Amino acid sequence: MTAKSVGNAANNTASGTPDGTVEYAAPALTLGDKLSRAVDHFRNEWQLYVMLAPAVIWCIVFLYKPMYGLQIAFKDYSIFRGVAASPWIGLEHFETLFGNDQFIRAVFNTIKISALNLLFGFPAPIILALMFNEVLHAGYKRFAQTIVYLPHFISTVIIAGIVITAFSPTAGIVNTILGWFGADSIYFLTKPEWFRPIFVGTGIWQEAGFGSIVFLAAIAGVNPSLYESAVVDGASRWQMMWKITIPSILPTIIIMLIIRIGNIMEVSFELIILLYQPATYSTADVVNTFVYRQGLQSGQYDMAAAAGLFNAAVAFVLVVAANSLSRRYSRTSLW
Amino acid sequence: MTGVRLEGIVKAYGRIQVVHGIDLNVEEKEFVVLVGPSGCGKSTTLRMIAGLEEITDGTLHIHERLCNRVAPKDRDVAMVFQNYALYPHLNVADNIAFGLRIRKTPKAEIAKSVSDVAEILGLTEYLDRRPADLSGGQRQRVAMGRAIVRHPKVFLFDEPLSNLDAKLRTQMRAEIKRLHKRLDVTSVYVTHDQVEAMTLADRIVVMNKGIIEQIGTPMDLFMNPANTFVASFIGSPPMNQMPATITRSPDGYRALIDQVSVPLHNSLSVSEGQDVIVGIRPEHFSLKNDGGLPAIPLSLDLVETLGSEALLHATVDNQSVIVKTDTNGDISQLSNVDTVYVPPEKVKIFDAGTGKVIS
Ligand SMILES: Nc1ncnc2c1ncn2[C@@H]1O[C@H](COP(=O)(O)OP(=O)(O)O)[C@@H](O)[C@H]1O
Ligand SMILES: [Mg+2]
């Protein structure tokens, strides 16, 4: 009797774990039980499903349904026969693509432009946000922020117009200024070596301000007493930026970086179309513009689908890799 | 030498003045607690000492050095914040070392100081942990560690215990007291909790609406409150306060509450017909008549049992009154109480107009 009750007590109070948890053997549920629980759950929580529905429908209509058409990358597609009736040809389109110098060039151009974008375009909004954070005069800060947000709201066509005008060899402001120093006028937009700097610079000018909002929000979320404590400890503003602000917004930076890496193959296609010309194809032509010219303008939809699929596959691998690296080394990840 | 001296300290935010000229001397090595209701300007005063808020008017001396315009880092003070202000991306050791690193202290010295402080605070096992992986009490200790490690001239605490649960608060309170005994550094401690103030302070500063109501030792404030505000703020439950009028009887002055009259100590400088407030601490009533004490009849509403003590909620002439009494383990007789007794010397009289004590 005594021995037995002692044994029971030990079981009930989980002597093994310090926080008093015990191993729980879940009872086996019958299918009927599970079903009725699911029904109850749905009855209680249906509002959540209603809220979820638009996102699910959007994904189906705009993401999953178009995937059906992706199969033409592996078919000899003809508009007249339709997607289903076109014959399978395996990887022939991919072989053709990788045999095409222009495509290979476009892949490398994409990577180079993206790398430059990542190198200069990614830190720009962070630096801008840190700089805004140091502006003490509230009125001036708001004014400056509004100014740098503006280009984001200007249509890409107008942005391209501004860039083309600014770099024009005759009346452009850039050549005018160069002229003051006695330099000869350069027709920048016909020079392949100038395309990438102009493109990346334009991207920063257009988006850095708007992109800084995310980081400013993250900075605003930092507990102010961290700074006060640092002030009493004797930290300078520079030290506070490096030792408090940047580490505090690091998770945000990492998330944004992962997203950015996922979009690495998606260089701003409209801006390139608007700025490039055959003279600069050697540096300006990227996979998307290649797909546009080959697929839509020359009617090779199946080839274009293959190139697009390749693009997506690379992006997918990159974002998964970036996410898992980040999860391992910084405890921050998108999923 | 004084540790911290405030003279005529005023703080205004724009055109709103929130601290109205405070004078306070904190002796070296003294533990002074600023206590008062929320919004009375305690934190603002403390932050002016730390240099986190500019001083609008008046002078601040720390160790006899004029500090009004001295940068926080050069005041040699350390502050412990209510929410701990720990750096979430740094582990305990790096959090404690932060201030020393900022000051470019040699590495070996930092390591020694951090391990000494961790030893004092019982944090040695946790040095590698991030703040997120610590309990509230441990975080609190890290925050203390960060202040101690710098060996400042003055410690400033802004409600350091108010994020802890009641039990932990009691425990940390004792720990802070022990720590102060051991380190012997001038400390200014802000709290809204009078129990914390009573238990920790060498001297308490009671603040209200941006002014100082009274400064004194805990016992001094408890026994001799300067006004009705201090009387109701210090002590738990607060002192009973009942409006009354002074009357004269053959054996001296009495305070007539309504029908009940309470005899007063004959040294009080009151005059007949004066409107006053009678203050009696709940614990100064007695249920037994020891040696001819004046009796006060009351009608009992409710008995709250706390264990060794009980609180009797009652009314005297329609004024609610709380009586605190020892139970001695037996509460069976308490519900029959209809009379209490109070020694005249324990009855405080305050001016009904100004609220100031009459002695
Ligand atoms: N930055 C500020 N601007 C305007 N008023 C403030 C500011 N900080 C505090 N106050 C006001 O000053 C008064 C005192 O605040 P505080 O010192 O924080 O009170 P507490 O005694 O609770 O610590 C409050 O009325 C508060 O509203
Ligand atoms: Mg406060």
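**Notes on the predicted model**

1. In this predicted model, a backbone N or O atom of B:Gly39 lies 2.6 Å from an oxygen atom of ligand 1.

2. The residues around ligand 1 are B:Tyr13, B:Val18, B:Ser38, B:Gly39, B:Cys40, B:Gly41, B:Lys42, B:Ser43 and B:Thr44. Sorted by class, this shell holds three nonpolar residues, five polar residues and one charged residue. Helix α1 of chain B, which covers residues 42–50, supplies the largest share of the shell, namely three residues.

3. Among the residues listed around the ligand, B:Tyr13 falls within strand β1 of chain B (residues 2–13), a strand that pairs in the antiparallel sense with strand β2 (residues 16–27) over nine bridges. Within this pair, B:Thr2 is set opposite B:Glu27 of β2(B). The hairpin formed by the two strands has two residues between them, and B:Gly14 takes a positive phi there, near 60 degrees.

4. These two strands belong to an open sheet of four strands in chain B, arranged in the order β2-β1-β4-β5 with antiparallel pairing. Because β2 and β5 (65–66) of chain B each have a single partner strand and stand at the edges, one side of each is left without a neighbour in the sheet. At the β5 end, strand β4 of chain B (residues 57–62) runs antiparallel to β5(B) and is joined to it by two bridges, with B:Arg65 in β5(B) as the bridge partner of B:Ile62.

5. B:Leu311 stands opposite B:Lys324 of β18(B). Here too there are two residues between the strands, and B:Asp317 takes a positive phi near 50 degrees.

6. How many residues of chain A are in contact with chain B? The contact involves 17 residues of chain A and 23 residues of chain B, and the area buried between the two chains is about 1,700 Å², with carbon and sulfur atoms giving 58% of that. On the chain A side, the residues that lose the most area to chain B are A:Glu228, A:Val232 and A:Asp233, which together account for 37% of what that side buries.

7. Two further backbone details in chain B can be checked against the displayed coordinates. The peptide bond from B:Ser236 to B:Pro237 is cis, with omega near -5 degrees, and B:Pro237 is located in the loop between α8 (228–233) and β11 (240–249) of chain B. B:Tyr84, a residue other than glycine, has a positive phi near 75 degrees, and B:Tyr84 is placed in the loop that lies between β6 (77–80) and α2 (92–102) of chain B.

Note on methods:
Residues are numbered from 1 along each chain as its sequence is written. Chains are lettered from A and ligands numbered from 1 in the order in which they are written. This is a predicted model: local features need pLDDT of at least 70, side-chain atom pairs count only at pLDDT 80 or more; totals for chains, interfaces and linings use all residues. Side-chain values use heavy atoms; hydrogens and water are left out. A residue is near a molecule or strand if one of its heavy atoms lies within 4 Å of it. A polar contact is a pair of N or O atoms within 3.5 Å; within protein, one must be able to donate a hydrogen and the other to accept it, and residues adjacent in sequence count only if both atoms are side-chain atoms. Ala, Val, Leu, Ile, Met, Phe, Trp, Tyr, Cys and Pro count as nonpolar, Asp, Glu, Lys and Arg as charged, and the others, Gly among them, as polar. Two strands pair if DSSP finds at least two bridges between them. Contact means heavy atoms within 4.5 Å. Buried area is the accessible area (1.4 Å probe) that two parts lose on being put together, summed over both.
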